[in-house]
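Welcome! Please take a look at the sequence and the 3D view, then try each exercise before reading its solution.

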Amino acid sequence: LMRRILPAICLVVTCQFFTGMALASDTTPALPYFPGSQYNTAVPTVEQALGYALGSRVTEPAAVLDYFRQLQQAAPDRLKLVQYGKSAQGRPLFYVVIGKPAHLSALDQIETDMRRLADPRTLTNQSAEQLLQNLPSSVWVSSTLHGNEISPVDAAMALAYFLLAEQSGKAAHILDNTLVYIEPLQNPDGHHRFVSRYYATAGLVHSADRFSAEHNEPWPNGRTNHYLFDMNRDWLALTQPEIQQRVKRLQQMFPLVYVDSHEMGGDQSYYFSPEAEPYNPFILASQRETLQWFGQNNAKKFDELGYDYFTREIFDAFFPGYGASWPLYHGSIAMTYEMGSARGHAYRKQDGSVVTFADGVQRNFIAYTATLETAATKRKELLQRFYQYRQQALKQGNKDGIGSYIFPASRDKAGHQKLMGVLTQHGIRVEQAQEDFRACGQSYQAGAYLVNTAQPTYQLIRAVLDDSVPMDAKFIKQQEERR
């Protein structure tokens, strides 16, 4: 009897396995999908490079780096891979720069010129105008600061492939006007933790049930880094090695546009700018207007493809310590993108529909390309607004009546020294008195620290050092009425 039953059981299990795999393969779309695009076969796809179709498997950190290395080999004149540091566990922190050959060969000079543009004190009007005429736009796309937010990583690979392989002219228009920085994986340690745990708990056929083992991460989950720290709360304090190294690198380039790509709960759709209120008062009206440019073009592309999205309902812009906030206080345009996450291969929403990992990859890819289109079209305006922001910061610092923040040498020497080091990392100039002095009717000893507000980082100085940063009175009134 056992000899008859066992082969039958094996046959049933085998049929279920291959049926499940066939269904998954049949329903996975060919990615990336961009209407009307044609691709150069000389540039390797994810499937050719890694052995599986884009969107069919969550890519682990080592494979992400491997794919970008293969892209660099295929197009060394258009892609440069830069390792700028290591994670706490020793994994490479890297980004790639993609541009047309003329821009990539002049990359060092372009970055030098962006640093010059960031400091109006060193430029004549004629020199500034020359830079504004000649510099390309620049966009930095950063993915997966939270390691269990999985689709932005593979969407970053899709974006790089599109920019290098697309032949209909869409990518060429972007690269004629824009340098594209892609950081596919900000938190490799957390992402590795998620991927290894996920595939250890997944069955032969992936489950969309939110209560299945593959959808329930044990502690510690993949969101945090090695030190179990949520790095999207660290952009001011700079306590984590990954954020310290990223902030340093961003000040070598000052990208005009910064996208921090995340995921949210699977029952949501897709979120992009403009943000919800309250806005921090040190985010300028011109920056809020520019965010509208990007949101409108993103919405247009999502409408054309029938993708659900929302704006302005959640994710406010008040706290300056997020990845999507910090660049704003240097004059760039920064934004958060949030995709409703499958947190694996598939996730059944409360309304009964199923969102897949491939859905997330594709929607992120469309948001990224729409952002690049806007940056390419608005190249001159973005450069002008960045330069005007830095100019205005200097003027405002000279007339706001504050002058300098003073940190007395007689109080909390260790704390003040630590704070001054952090401010310096943010690109804020700090001075130290070499002799006793008087200011505002008070005496101060030599060794006191002074932070003058007349700097291109004026808005960041105020946001960080003011005793109180008020919310908009109209917003407060509305909240009181709602309460």
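## Exercise 1: an arginine in a loop

Arg312 is exposed, with a relative accessible area of 55%. Keep in mind that the model is a predicted one.

**Task.** Find out where Arg312 lies and what its phi is.

**Solution.** 
- Step 1: Look between α11 (285-305) and β8 (316-317), for the loop there holds Arg312.
- Step 2: Read the backbone angle: Arg312 has a positive phi of about 70°, although it is not a glycine.
- Step 3: Check the label "exposed": the cut-off is over 50% relative accessible area, and Arg312 has 55%.

## Exercise 2: a leucine with a positive phi

**Solution.** 
- Step 1: Locate Leu238 in the loop that runs between α9 (188-201) and α10 (241-250).
- Step 2: Note its phi, which is positive at about 55° although Leu238 is not a glycine.
- Step 3: Apply the cut-off for buried, under 20% relative accessible area. Leu238 has a relative accessible area of 2%, so it is buried.

## Exercise 3: two cis peptide bonds

**Task.** Where do Pro274 and Pro278 lie, and what is the omega of the peptide bond that leads from Ser273 to Pro274 and from Glu277 to Pro278?

**Solution.** 
- Step 1: Pro274 sits in the loop between β6 (270-271) and β7 (276-279). The bond joining Ser273 to Pro274 is cis, and its omega is near 10°.
- Step 2: Pro278 belongs to strand β7. The bond joining Glu277 to Pro278 is cis, with omega near 10°.

## Exercise 4: how two helices meet

**Task.** Work out how helix α12 (residues 357-377) and helix α13 (residues 379-399) are arranged.

**Solution.** 
- Step 1: Take the geometry: α12 and α13 pack at an angle of about 75°, and their axes are 4 Å apart.
- Step 2: Angles of 65 to 115 degrees count as roughly perpendicular, so this word describes α12 and α13 relative to each other.
- Step 3: List the residues that meet. From α12 come Ala375, Ala376 and Thr377; from α13 come Arg379, Glu381 and Leu382.
- Step 4: Sort them by class: the contact of α12 with α13 has 3 nonpolar, 1 polar and 2 charged residues.

## Exercise 5: a buried valine

**Task.** Which residues does Val153 touch, not counting those up to four places away in sequence?

**Solution.** 
- Step 1: Val153 is in helix α7 (residues 151-165). With 0% relative accessibility, it counts as buried.
- Step 2: The residues that Val153 touches are Val64, Ser143, Thr144, Pro184, Leu185 and His191.
- Step 3: Compare chain and space: Val153 and Val58 are 95 residues apart along the chain, while 8.5 Å separates their C-alpha atoms.

## Exercise 6: the whole protein

**Task.** Does the radius of gyration agree or disagree with that of a compact globule?

**Solution.** 
- Step 1: Count the elements: the protein has 16 helices and 16 strands.
- Step 2: For 483 residues, a compact globule would have a radius of gyration near 23 Å; the protein has 25 Å, which agrees.
- Step 3: Finish with burial and contacts. Of the 483 residues, 54% count as buried. Among contacts between residues at least 6 apart in sequence, 76% join residues at least 24 apart.

Conventions
Residues numbered from 1 in each chain as written. Predicted model: local features only at pLDDT ≥ 70, side-chain atom pairs only at ≥ 80, totals over all residues. Heavy atoms only, no water. Axes fitted to C-alpha atoms, helices over the stretch in contact; angles between N-to-C directions. Parallel < 35°, antiparallel > 145°, perpendicular 65-115°, else oblique. Contact = heavy atoms within 4.5 Å. Nonpolar A, V, L, I, M, F, W, Y, C, P; charged D, E, K, R; others polar. Rg over C-alpha atoms; globule rule 2.2 N^0.38 Å. Buried < 20%, exposed > 50% of the residue type's maximum accessible area, 1.4 Å probe, protein only.
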